[in-house]
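Dear colleague,

Please find the structure below, together with its sequence.

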Amino acid sequence: MNADPPAIRSHHVKRIEAVLDHVERHLAEDLKLETLARLAAISPFHFHRLFLAWTGETLNAFVRRRRLEAAAGRLRHCPEEKITVISLNCGFASPEAFARAFREHFGMTPSQWRSGGWVDWRRPSDDEAPAGPFRIEVKRQEAAEYLFMRARGHYGATARELWDRFLPWVHSLGLGDQPMAFVGLDDPAIAGPTRCRMDACVQLPAGWRDPGLRLPRRRVEAHWVAALHYDGPASGIGAGWHALLNDWLPEAAFDMGEGPFFERYDPLEGTPGSRIVRCELCMPVQPRAQ
């Protein structure tokens, strides 16, 4: 996780990270500086400075980038979804404004991206060949609440460091026997491998009470996922995602749904962050419109 610059205190970091999560969930809504500063309970002037110091981007630049990256992902993986619908759902006022912004960011039109232009943009981290065959099933993921710790960087290099920090913390809270999850918040093939945000999470049992630490937590509502059962070297997890997104999804009777992509770990099956892992790669899905 980023080291705190002198001007940023831990309570500011928690508020800014909460705003980042709010942006991800509400890309189609009003995400103006004043609105989000009010959500963080920080004056707009100080919120702007703190946000830039913590993320390295202005708020407007971050929101614009995340809207475009979310749209690019849906253009690539949801071929039946109309470009107009994608542009509005990702917060653009009109298809024309979306087309202009998309061309400025990706160097091509949304239609060109969808018809194969994304291949030229694709980052090296997306080039790993699948190692299958993999077993994939569609199932209901029940609602759950999690504690989490966040980091930024290259998934392959940073994830293990994050688990090394997170797991001792989890065991100190008596939660080592609970299911865990690793949530990747960015697509490295679109955002770039070094800009990815990730959360290590532990699921909270019913009735769990925070011991007064005010730990960061999130609730994930019930939703359907396509779960790929992965058993192998952690370095090959990217191949599993490749198989799920590029081999299974185009032929399935499902579209990519809303919600986080995550690796789910059963504590009885092994330890996340190890060289060899056993987990489920879970992608949100919804029935494909006929």
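The notes below concern confidence and salt bridges.

This is a predicted model, in which local features need pLDDT of at least 70 and side-chain atom pairs count only at pLDDT 80 or more, while totals for chains, interfaces and linings use all residues. Residues are numbered from 1 along each chain as its sequence is written, and side-chain values use heavy atoms, with hydrogens and water left out.

The protein chain has an average pLDDT (the predictor's confidence in each residue, from 0 to 100) of 88, and 93% of the residues score at least 70. Over residues 1–6 the pLDDT is below 50. Over residues 126–130 the pLDDT is likewise below 50.

The model holds 22 salt bridges, each being a side-chain nitrogen of Lys or Arg within 4 Å of a carboxyl oxygen of Asp or Glu. One of them pairs E24 with R197, with the closest N and O atoms 2.7 Å apart. E24 lies in helix α1 and R197 in strand β4, so the pair ties together parts that are 173 residues apart in sequence; helices (H or I, at least four residues) and strands (E, at least two) are DSSP runs, numbered from the N terminus. R197 is buried at 3% relative accessible area, whereas E24 is partly exposed at 23%; buried means under 20%, exposed over 50%, and partly exposed in between (1.4 Å probe, protein chains only).

R74 forms a salt bridge with E81 at 2.8 Å and another with E258 at 3.6 Å. R74 is buried, as is E81, but E258 is exposed at 61%.

Yours sincerely

Methods:
Contact = heavy atoms within 4.5 Å.
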